[in-house]
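Dear colleague,

Please find the structure below, handed over for your records. A summary of what was found in it comes after.

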Amino acid sequence: MSSRATAVAPANIAFIKYWGAHDVERGVPMNPSVSMTLSRCVSICTVEAHPREDGRSGVAPHGEDCDGVGDEILLAGPDGNRPAPEFFACRIRDHLDRLRKLFDAAVTFRVATKNSFPAGAGLASSASGFAALTLAAVRALGLDLATDELSVLARRSGSGSAARSVLGGFVELPGGPDEGDVYARPLAGAADWDLRDVIAVVASEPKSVSSREGHRRVVSSPYYRERLALLPGRLATVRDAIERRDFHLLGPVVEEEGIDLHLVAMSAIPPIFYWLPGTLQVLETVRMLRLEGIEAYSTMDAGPNVHVICRPSEEASVVDRLGQLESVREVICDGVGPGPRFSEDHLL
Ligand code: PMV
């Protein structure tokens, strides 16, 4: 009998960035990272598991012929479901193959997925997307796994940040090289500290260099070692700030990290430029806001869009000011959230 499950998983914004990998394919980071799970920016994914008539769980070898097993991958939209672009469907099929092999499941999958926000523009759509896919597929297979195991499986999609999106609130993911330890741990719950993330979207097109390629390339930056040496101090500060709910302590480190990610990207060989003129305009505006006494700090993942972290009392001022900028196409108001959930609103 076929079975179906739908998961809703949020994106997350990293305060300490995972950037550079021991193993890109398995999402094993070079360094520990800390993030805040969001609430409104989510991926919704429905997975149907259909028993294979031949009873075989065997699949095409990884990366060789990723449509060999007849899994159907759809993008859900306002006008119904349509086939996903091949590069995207391939990554999803690879992950489904991984799960099928691991659990020796003689099934084919049908998947429909959608995001509540622009995909591929550095807003962590792979984190929410692969977390939602993992949770829905595992449930459709009738399995009930612990959160640590789900975090490991989400990471093995190749999106290391997906490992953090299986938890809500404030989350830490250790670095490698020991893969066994690399699953997300909670630092504080969503109810413990209400922080907001005002996202200034300056471009909604998919970025030109994937974060996967970024992880491979940034280790070539002459400043990469320097960054790794600074991280233990930053990590200690961020953990401490979260424990004490000390925004004044947290903010400057968050902003340093956002800039550092791009510093090592721009100095990689060959270099990667994610910033656009609008990115700089937002960064400058956030500095101006601080001079006016509105405490807010910017950070960016691998893309041109800027996440502005602030307390609830400052959110309206930040939204108002960013909304006035010519280069800002859209302002998304998000904030800390409780993590993924299952839904009965199926996309299939
Ligand atoms: O999850 P991945 O493998 O797509 O890596 C993305 C990592 C960054 O978003 C750039 C930083 C982070 O820690 O989220």
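The notes below go from the whole chain to two individual residues.

This is a predicted model, in which local features need pLDDT of at least 70 and side-chain atom pairs count only at pLDDT 80 or more, while totals for chains, interfaces and linings use all residues. Residues are numbered from 1 along each chain as its sequence is written, and side-chain values use heavy atoms, with hydrogens and water left out.

Regarding confidence, the average pLDDT (the predictor's confidence in each residue, from 0 to 100) is 93 for the protein, and 94% of the residues score at least 70. Over residues 60-65, however, the pLDDT is below 50, and this stretch has 10 contacts in the model beyond near neighbours in sequence. Contact here means heavy atoms within 4.5 Å.

Regarding the overall fold, the protein has 8 helices and 14 strands; these are DSSP runs numbered from the N terminus, with helices being H or I of at least four residues and strands being E of at least two. The radius of gyration is 20 Å, close to the 20 Å given by the globule rule for 348 residues, so the protein is as compact as a globular protein of that length. That radius is taken over C-alpha atoms, and the rule is 2.2 Å times the number of residues to the power 0.38. The C-alpha trace spans about 65 × 40 × 35 Å along its principal axes. Among contacts between residues at least 6 apart in sequence, 76% join residues at least 24 apart.

Of the 348 residues, 57% count as buried. Buried means under 20% relative accessible area, exposed over 50%, and partly exposed in between (1.4 Å probe, protein chains only).

Two residues were examined individually. Y297 is located in strand β11 (residues 296-299) and counts as buried, at 7% relative accessibility. Leaving aside neighbours within four places in sequence, the contacts of Y297 include F247, H248, G251, R290 and H307. Y297 and E344, 47 residues apart in sequence, are 37 Å apart in space, C-alpha to C-alpha.

P271 is found in the loop between α6 (247-266) and α7 (277-291), and at 42% relative accessibility it counts as partly exposed. Not counting residues up to four places away in sequence, P271 touches R217, A265 and M266.

With kind regards
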